[in-house]
Amino acid sequence: GLGDVYKRQGVSLYRIMIAPDKGTIYPEYLPNWAKPAKPSATDALVSCAKSRGIIDLRSALWHAKNEAATMLYYKTDTHWNSLGAAYAYSTFMSQLLLEEPALRWEPEAAFRVNRVDPRQGGDLARFLRLEAILTDDEPVVSVLTSPTIETTHYDLESGKEISSDEVAATRSSETVIRAVSPRARNKKRVLWLRDSFGLALAPFLAATFTETIEIHWSEALRSHGKRLVELVDSWDPDYVIVTVVERDALSGALAQYPVGDRN
């Protein structure tokens with residue numbers, strides 16, 4: 001499997017975290033014709049790939065939505081918010097601790113909602129051209145068990161520092177970002193292939209690992225993973241982590257062997 005491919009390159013751990021579709025966690029808000037089929041394609045994927053490094057977050061988020069005072073996904077957007085990302089990341093790290101017990105991470109819910117701020121409507125509102133009219137809630141989540149984590153972001157290719165105001169826009173581009181957090185819990189280097197669901201996860205990775213290289217998975221895997229191979233060879237990560245939304249989890253690109261290592 002791909003995990004073996006990475007191990008041959010010195011990567012000690014390879015995991016895929018599947019970010020559930022909003023409709024999977026909140027099917028009660030969907031019309032009957034749009035509700036996910038049971039069993040779903042994701043059920044089949046998880047069942048057939050239990051030993052392939054896939055971490056299924058659905059059960060944890062189903063449980064969390066019933067105990068959280070705030071929704072885990074935006075009302076006017078297809079993405080999870082910071083609270084949903086917090087529950088997802090806590091579950092993900094708990095799974096990693098089973099194989100990497102030396103990692104420093106508190107498996108209990110180490111976060112709380114400090115307050116809920118208003119925000120402009122998200123992508124669903126933009127589809128209707130109503131983002132300026134429809135508003136949403138932004139839960140502000142703090143990690144309770146660590147000091148303030150200061151993270152500096154760089155454009156990996158140029159080495160230029162990316163200002164805090166530019167980070168969100170840069171993550172939406174094809175730029176490869178290097179995030180450095182000297183006070184993070186673990187002195188580990190992570191190559192993180194993510195999509196837009198990774199935006200809310202980024203502060204949690206920054207609090208956990210001292211260095212993270214992040215790139216959209218589709219960009220890294222283009223041309224049979226040529227960019228991915230280059231990053232693994234040049235940066236020598238300890239872990240490779242993939243964050244992919246459920247609706248894209250069956251992409252053939254995620255299952256292909258990187259170019260140059262198809263044995």
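Thr42 sits in helix α3, which spans residues 41-48; helices here are DSSP runs of H or I with at least four residues, strands are E runs of at least two, and both are numbered from the N terminus. With a relative accessible area of 7%, Thr42 is buried. On this scale, buried means under 20% relative accessible area, exposed means over 50%, and partly exposed is in between, using a 1.4 Å probe and protein chains only. Setting aside residues up to four places away in sequence, Thr42 touches Arg58 and Glu246, where contact means heavy atoms within 4.5 Å.

A word on the source: this is a predicted model, in which local features need pLDDT of at least 70 and side-chain atom pairs count only at pLDDT 80 or more, while totals for chains, interfaces and linings use all residues. Residues are numbered from 1 along each chain as its sequence is written, and side-chain values use heavy atoms, with hydrogens and water left out.

**The chain as a whole**

The chain has 10 helices and 10 strands. Of its 263 residues, 48% count as buried. Among contacts with a separation of 6 or more, 69% are between residues 24 or more positions apart.

**How α4 meets α5**

Two packed helices are described by the angle between their axes and the distance between the axes. Here, the axes of α4 (residues 58-67) and α5 (residues 82-99) come within 10 Å and cross at roughly 135°. That makes α4 oblique to α5. The axes are lines fitted to C-alpha atoms, for helices over the stretch in contact, with angles running from 0 to 180 degrees between N-to-C directions. Angles under 35 degrees count as roughly parallel, over 145 as roughly antiparallel, 65 to 115 as roughly perpendicular, and the rest as oblique.

The crossing of α4 past α5 is right-handed, a label used if the near helix is turned clockwise from the far one by less than a right angle, with anticlockwise giving left-handed. On the α4 side, Ala60, Leu61, Ala64 and Glu67 take part, and they meet Gly84, Tyr87, Ala88 and Thr91 of α5. These contact residues divide into 5 nonpolar, 2 polar and 1 charged. In this count, Ala, Val, Leu, Ile, Met, Phe, Trp, Tyr, Cys and Pro are nonpolar, Asp, Glu, Lys and Arg are charged, and the others, Gly among them, are polar.

**The nonpolar cores**

Which residues touch the most other members of the largest nonpolar core? Leu72, Trp80, Tyr89 and Phe209 do, out of 39 residues in that core. A nonpolar core is a set of buried Ala, Val, Leu, Ile, Met, Phe, Trp, Tyr and Cys residues joined through side-chain atoms within 4.5 Å. The elements that give two or more residues to this core are β1 (13-19), α4, α5, β8 (186-194), α8 (202-208) and β10 (239-245). Of these, α5 gives the most, with 10 residues.

Leu72 touches Tyr26, Leu61, Ala64, Lys65, Trp80, Asn81, Leu83, Gly84 and Tyr87, not counting residues up to four places away in sequence. Apart from this core lies another, of 24 residues, including Val11, Ile18, Val242 and Ala249.

Val242 has its place in strand β10 and is buried at 2% relative accessibility. Leaving aside neighbours within four places in sequence, Val242 is in contact with Tyr14, Arg15, Ile16, Met17, Leu193 and Leu254.

Leu134 lies in the loop between α6 (123-127) and β4 (135-143) and is partly exposed, at 31% relative accessibility. Its contacts, not counting residues up to four places away in sequence, are Thr76, Gln120, Gly121 and Ala125.

| Pair | Apart in sequence | C-alpha to C-alpha |
|---|---|---|
| Val242 and Leu193 | 49 residues | 4.7 Å |
| Leu134 and Gly121 | 13 residues | 5.1 Å |

**Backbone exceptions**

Most residues other than glycine have a negative phi, and most peptide bonds are trans. The peptide bond from Lys38 to Pro39 is cis, with omega near -10°; Pro39 is found in the loop between α2 (22-25) and α3.

Ser223 has a positive phi of about 55° although it is not a glycine. Ser223 lies in helix α10 (residues 222-235) and counts as exposed at 51% relative accessibility. Asp236, also not a glycine, has a positive phi of about 55°. Asp236 is found in the loop between α10 and β10 and is partly exposed, with a relative accessible area of 45%.
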